[in-house]
Amino acid sequence: MNEQNRWFSIIDDGGEQAWRVKDVRRPHRHHQDLIRLDQKGRWEVGSPPGRGLRGGLSPDEQLMQLYPFLDEAKVRRVFESFNFPCGHELEFQLSLVHYLRSGAALDLFDQYLMVTPQRLLARLRGADLPGTPLTPVNVTPGPSRAGPVRPARERFVDWGQTIDPVQLQLKHVEQGIYVRVGGPPELIGTEYIKIDQHYYPILPLGAVPPRTINTVFMRDPTLSLRTYEQFESMLRRDLFDQPRVATFAAADGRWINPMPMPFRKTMAASVAEAFPMLTATSVEEVARALFNAANPNGLTAWGASMMQRTLRHWRSGASVVPAHLGEPMTLLPRSSPTVQGHWLLNDAPGQYSQLNYRTDRIGPPFQDALEAGGRPSLRALMVEVLTRDGYQIDFSYPMPGELLFRRPKSQTLYWLQLQRTSAGVVSRSGVNAPSPFLMSTLLNERVGTAQRSNNLVSLMGGINRSHDGATSIFVIRI
């Protein structure tokens, strides 16, 4: 096959217009990269029709598609990390992208790697380590000059560091946790665990009682993850960069690393999965509020664990979480009334003061509420919205302008007063609690129990019409 005046040895794959690139240096190699000619006459790595074909893009374009945060200059730096055989650059670049996409080990490319594995990883993240530009040289394939690039799921192994023992002080003897007391000033106070003669930095323990330190989170020493924005950006960019769990096996006296990652998606994606009716802005604000509630002074091991458990609880109700981490509506701060005694809606980005719900997914109930203009249609709308977000409505409470509801298995009881508002002004109703006269004896007892245990949350919500005529569905805490 001739591509850009370069010849490649290929094997007929038996499919229509599909071949595999043959590595003539490894004639007995089991796997050969599948390629095919696309409709524009360009060669691409991928399968023939019906077998998972990817678009016909150049290696540069495919790498930018795989890692959207890379621009053309950063892509060039990735490929400059290798000194592929002269005349076969395109073949090897296509193969490299294929391996990166599949998550397979990059051992095949070790002999061509011209930088350290850490520097290659930095370039794949869109960053680079200090140093001078590379000068391409012709080399004969041979033993690798650098260590292997690990599969992404094992990347945390390279977080270990060699540190002069005089710079460390043993903090917890049984588990072997050390604290940095020497070296660069910015690293003083950093805690480490020791595995196979290497020291791995760990997140601060946070609220974990010192006597029960059997689980820690190892972290990448090159990343700062103190804020929600830093943490969420890391998850969005590459899940394999997240802090990884290590558990202490007392019987063996060593730390063990389970392979599963704590977070399988971004925090915002987890919130959106649990509460599909929230708008994108509210989803982001809920995720940020949860991070800040769990990590008031920066990311900690306790905070990471509680965020994971809380998100799992929101999605499935399968775990019990501390009450103060709560749910989106309990994480809402109480709105302060104005001098006139009403509340003002404020959905400015970064201000977690209300929840907004999607109107595009609610169709007929939303239109009915807009056109009918009465309490029954507004009540029906909010019942539909809350039910879709997993709340259980107590229909034994018949008050037309109010709702009582809760999450499954939750001790928190929500009392929502319904309103139609204009220009973001929510009027005070003058009612401070659900009416006991419309409750059954059993419901009255439940409400009383929730009040006595501070688990009754008062809310205002409904439809707001802004000055420009736009309408939204909102909830605030009062």
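1. Asn432 is exposed, with a relative accessible area of 66%, because a value over 50% counts as exposed. Asn432 sits in the loop between strand E19 (425–426) and helix H12 (441–452). Its C-alpha atom is separated by 10.0 Å from that of Gln417, 15 residues apart along the chain. Note that this is a predicted model, and the values here are computed from it.

2. For the chain as a whole, the secondary structure comes to 12 helices and 21 strands. Of the 478 residues in the chain, 46% are buried. The accessible surface comes to about 23900 Å², and carbon and sulfur atoms account for 52% of that surface. Among contacts between residues at least 6 apart in sequence, 55% join residues at least 24 apart.

3. Helix H8 can be checked for its span. The helix has 16 residues (residues 301–316), and at 1.5 Å a residue these should span 22 Å. The C-alpha atoms at its ends are 23 Å apart, which agrees.

4. Which residues of H8 are buried? They are Ala301, Gly303, Ala304, Met306, Met307, Thr310, Leu311, His313 and Trp314. As background, an α-helix has 3.6 residues a turn, so residues three or four places apart point the same way. The cover over the buried residues of H8 includes strand E11 (215–218) and helices H5 (228–237), H6 (267–274), H7 (280–294) and H9 (328–331).

5. On charged pairs, a search of the whole structure finds 15 salt bridges. In general, side chains of opposite charge can pair when their charged atoms come close. Three of these pairs are described below.

6. Arg155 forms a salt bridge with Asp241, and their closest N and O atoms are 2.8 Å apart. Arg155 lies in the loop between helix H4 (117–124) and strand E7 (168–172), while Asp241 lies in the loop between H5 and strand E12 (244–249), so the pair ties together parts that are 86 residues apart in sequence. Are these two partners buried or exposed? Arg155 is buried, with a relative accessible area of 9%, and Asp241 is buried at 0% relative accessibility. Both values are under 20%, so both residues count as buried.

7. Arg155 and Asp241 also belong to a network of salt bridges.

8. Asp196 forms a salt bridge with Arg254, the closest N and O atoms being 3.6 Å apart. This pair links distant parts of the chain, 58 residues apart: Asp196 is in the loop between strand E9 (191–195) and strand E10 (198–202), and Arg254 is in strand E13 (residues 254–256). Asp196 is exposed, with a relative accessible area of 54%. Arg254 counts as partly exposed, at 39% relative accessibility.

9. Glu232 forms a salt bridge with Arg236, with the closest N and O atoms 3.9 Å apart. How many residues apart are Glu232 and Arg236 in helix H5? They are 4 residues apart, about one turn of the helix. Glu232 is buried, with a relative accessible area of 1%, whereas Arg236 is exposed, with a relative accessible area of 52%.

Conventions: Residues are numbered from 1 along each chain as its sequence is written. This is a predicted model: local features need pLDDT of at least 70, side-chain atom pairs count only at pLDDT 80 or more; totals for chains, interfaces and linings use all residues. Side-chain values use heavy atoms; hydrogens and water are left out. Helices (H or I, at least four residues) and strands (E, at least two) are DSSP runs, numbered from the N terminus. The expected span of a helix is 1.5 Å times one less than its number of residues. Buried means under 20% relative accessible area, exposed over 50%, partly exposed in between (1.4 Å probe, protein chains only). Contact means heavy atoms within 4.5 Å. A salt bridge is a side-chain nitrogen of Lys or Arg within 4 Å of a carboxyl oxygen of Asp or Glu. Accessible areas come from the Shrake-Rupley method with a 1.4 Å probe; for residues, only the protein chains shown count as cover.
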